[in-house]
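User: I have a chain to go through with you. Could you walk me through it once it is on the screen?

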Amino acid sequence: MKVPRVESKLRVFSFKIQFMSQVIEFKKSLKAVNSACEEVRKSVKLKEIMKKILFLGNTLNQGTARGSAIGFKLDSLLKLTDTRASNNKMSLMHYLCKVLTDRSPGLLDFYLDLVSLEAATKYSFSSHKVN
């Protein structure tokens with residue numbers, strides 16, 4: 001016996017069976033990401049650290065067109081570990097941590113404000129695949 005378009009019909013049937021569980025999983029992941037975004041947005045300590053990073057960047061770039069920036073792109077944070085002192089022993093990240101430890105030690109536990117962040121990093125929505 002031959003069933004017309006059997007492969008297509010099986011794919012549709014499989015999709016119908018999996019649909020609700022995928023919706024539930026998607027809602028769970030979306031909730032985790034939304035929680036993490038809200039924590040980042042509301043973290044006073046993280047905001048203060050970002051202000052200090054901006055101040056540090058403006059100080060280093062003083063006298064140039066970049067010396068009076070009002071913000072920076074998040075990928076610029078990667079430069080904190082790449083930018084090193086002339087003796088190559090200390091990076092800008094090391095210096096920032098030293099300054100925070102000496103002058104603002106209360107900011108160093110900022111990660112406690114971001115309890116949902118690790119769980120949210122497990123999800124990627126850009127290439128969500130439906131079988």
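**Burial and overall form**

Analyst: Of the chain's 131 residues, 18% count as buried, where buried means under 20% relative accessible area, exposed over 50% and partly exposed in between (1.4 Å probe, protein chains only). This is a predicted model, in which local features need pLDDT of at least 70, side-chain atom pairs count only at pLDDT 80 or more, and totals for chains, interfaces and linings use all residues. Residues are numbered from 1 along each chain as its sequence is written, and side-chain values use heavy atoms, with hydrogens and water left out.

User: How many helices and strands does the chain have?

Analyst: The chain has five helices and zero strands; these are DSSP runs, numbered from the N terminus, with helices being H or I of at least four residues and strands E of at least two. The radius of gyration, taken over C-alpha atoms, is 24 Å, well over the 14 Å that the globule rule gives for 131 residues, so the chain is more spread out than a compact globule. That rule is 2.2 Å times the number of residues to the power 0.38.

User: What box do the C-alpha atoms fill?

Analyst: Along the principal axes, the box is roughly 80 × 30 × 30 Å.

User: Changing topic, where does Asn-88 lie?

Analyst: Asn-88 is in the loop between α3 (79-82) and α4 (92-103). Its phi is near 65°, a positive value in a residue other than glycine.

User: Is Asn-88 buried or exposed?

Analyst: Asn-88 is exposed, at a relative accessible area of 51%.
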